[in-house]
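Dear colleague,

Please find below the structure I wished to pass on to you. I would be grateful if you could read the notes alongside it.

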Amino acid sequence: MSKSQNIIELIDVKKVFDDETVAVDSFNLEVGKGEFVTFLGPSGCGKTTTLRMIAGFELPTSGKILLNGEDISNLPPNKRPVNTVFQKYALFPHLNVYENIAFGLRLKKVENTYVNKNGESYKKLQKLSKADIDKKVKKALEIVDLEGFEKRGVATLSGGQQQRIAIARAIVNQPEILLLDEPLGALDLKMRKEMQIELKKMHKRLGITFIYVTHDQEEALTMSDKIVVINDGEIQQIGTPDQIYNEPVNTFVADFIGESNIFNGAVVGKLKVKFCGATFDCLDDYEINQLVDVVVRPEDIKICRPGEGQLKGTVISSVFKGVHYEITVERGKFEIIIQSTSTAPVGSTIGMRIEPDGIHLMNKVYTVNRYDGVITKNNKVQFGDGEFDCDVTRLYEGSSLDEEGYLITSAGEKIDLAGVEVNVEVDTHDITMTDDLAAGGAQGNIISMIYKGDHYRYIVRTEENEEDYVFSSPDMWNTGDLVGIIIPKDKIKLSLKQVGESD
C-alpha cells in the first residue's frame, strides 16, 4: 500500500511507562483511508495504549506516528483530526440529546474568508452559526438513526441509544478518523450484536477510517476490514478476518480467535503430518522431521463410522450450542473437540475424518527455554529471576567437585566458578510448577495457557525482570495464579559463554 493511501502509519512505536513497564513494543502498522481496523487482544495487551497514542492522549516513548505522511507523534489531541468514543459514554447528564451533540460544535471555530471595501481578502476565526450547528446535529442524528430525539434527556435513553448519541457527538465534527475503545462493552449480548451491524453500516455510510479496540473475537470478525491481533504489547498477526481465522501464524492467534484443536505434530513426509498417533495429508509444505504445531478447527472434523476416518475415539460429552453440537471425543490421552449439526451418543465410538484443507501447520515457537545465567558461590546457577541447583561439572568434561565445593578439572586444575557467566537451556517438558512458592527456584504468575490435546502449554512470567518460563503440564491451573518453578538439577543444561558472546 502506498503512502498516499495510508491515513495513519505507526513506525517502530514503543511505549514505556514510568514504572518501566513496556506496554507497546516494536509496533508497525499501516491503516488505509476508509478502512475499518480492529485492535484485538486480551486485557492488558497494549491495544488501548496504542489507541491513546493515535489520539494524542499518550505520547510514544520512541518511534513515529504519521498522519497522511506527516509526523504527529508530539501533536496535542485537539490538533488531530481524530475523535474517540469510549466504553463509558461520558454524556453530559444535565444536557438533552441535542445539546450533548452540539456541545463541541459550540466551542469550535472555523476560518472564514472575507473581502473588505478595498477588495482585499482577509480571514477570520468565527464560531459556527446556529443554523450550521442545527444542520450538523440533525445530520448526525440521522446517521445514527435517532431523528426526533433532540429534546430527550440522555438518562431516559437505553444503553444502545446512549451509545449512538456518543457516536453522533464524535462524528458531528467530521473527523478523518474515529477511534472506538470497546464502545459496546456496557451493552447486553443482544444489543451488542445489533450495534455491531449498525456500526458497520455507519462506517460504510460515513466513509471515514474506524479504528476499533475490543477483546471480543466475534466483534472483530463481524465488523473489520483488517484485524490486528496484539499480545504482550506486540503485534502477533495482521490480516483480514478470513486470514486471521483460517491461517493463524502461531498458537496464540489460533487459540484466541475462535475454537481450536491444537496438537504437537511432526512432518513425516511430503505434505504429510503426524499427530494424535495418526498420519494425515496436509497442504502446508514443511521440511521432513520438522516439529510443528497443528491447528484443526472443530467444524473441520467430520464424524463418520469407526474405521472410515483417520481417527476413532469415544464420545465423552455432547452439548447443544444452538446452531451446532459441541462434542468432546477421547482418543487415548488426547481430547478432541468437534462441532457438528448432528450429535453422537455419549459412550459411543465414532470415526473422525479431517480433510487436508482442514489442517493448518505452524512453526513450533517454543521448544526450549534459553537464559543468561551466572554461577553463584554455592555452585548454583542464577537465571530467570531465580536460583537453582545445577551440576557444574557439566561445564568441564571429566571434572569433579572437591570437599570444599571447588571444581577440579580432568587436568587437576582447581577452579572457583563463582561469578562465571553461562548459557542456560531447559526443555519445555522439564519444568513443573507448584503452589508451594518456597519449593521453587523462581516464582511468577501464569500469563498464558493453551490446551494442546493432551496437555496445557503454560507461560509463567516473573515480576522483577519479566522473565518467562514456557513448559507443558497435564494439569489445569488458572491464568494469574502465582506459582513456584521447579527444575531438576540434571535437566539444566549449562555451557560456558564464549569470549565476546553477547548477553
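Predicted model: local features only at pLDDT ≥ 70, side-chain atom pairs only at ≥ 80, totals over all residues.

Helix 5 comprises the 18 residues 189–206. At 1.5 Å a residue it should span 26 Å, and its end C-alpha atoms are 26 Å apart, so the expectation and the model agree. Its buried residues are Arg192, Met195, Gln196, Glu198, Leu199, Lys200, Met202 and His203. Just after helix 5, Gly207 adopts a positive phi of about 75°.

Helix 3 also packs with helix 2 (residues 97–107), at an angle of about 125° and with the axes 10 Å apart. The two helices, helix 2 and helix 3, are therefore oblique to each other, and their crossing is right-handed. On the helix 2 side, the contact involves Val97, Tyr98, Ile101, Ala102, Leu105 and Arg106, which meet Ile133, Asp134, Lys136, Val137, Ala140 and Leu141 in helix 3. By class, this contact has 9 nonpolar and 3 charged residues, with no polar ones.

Lastly, Val16 lies in strand 1 (residues 6–16). With a relative accessible area of 26%, Val16 is partly exposed. Leaving aside residues up to four places away in sequence, Val16 touches Thr21, Val22 and Thr61. Val16 and Gln339 are 323 residues apart in sequence, and their C-alpha atoms are 43 Å apart in space.

Yours sincerely

Methods. Residues numbered from 1 in each chain as written. Heavy atoms only, no water. Helix = DSSP H or I, 4+ residues; strand = E, 2+ residues; numbered from the N terminus. Expected span 1.5 Å × (residues − 1). Buried < 20%, exposed > 50% of the residue type's maximum accessible area, 1.4 Å probe, protein only. Axes fitted to C-alpha atoms, helices over the stretch in contact; angles between N-to-C directions. Parallel < 35°, antiparallel > 145°, perpendicular 65-115°, else oblique. Left-handed = near helix turned anticlockwise from the far one by under 90°. Contact = heavy atoms within 4.5 Å. Nonpolar A, V, L, I, M, F, W, Y, C, P; charged D, E, K, R; others polar.
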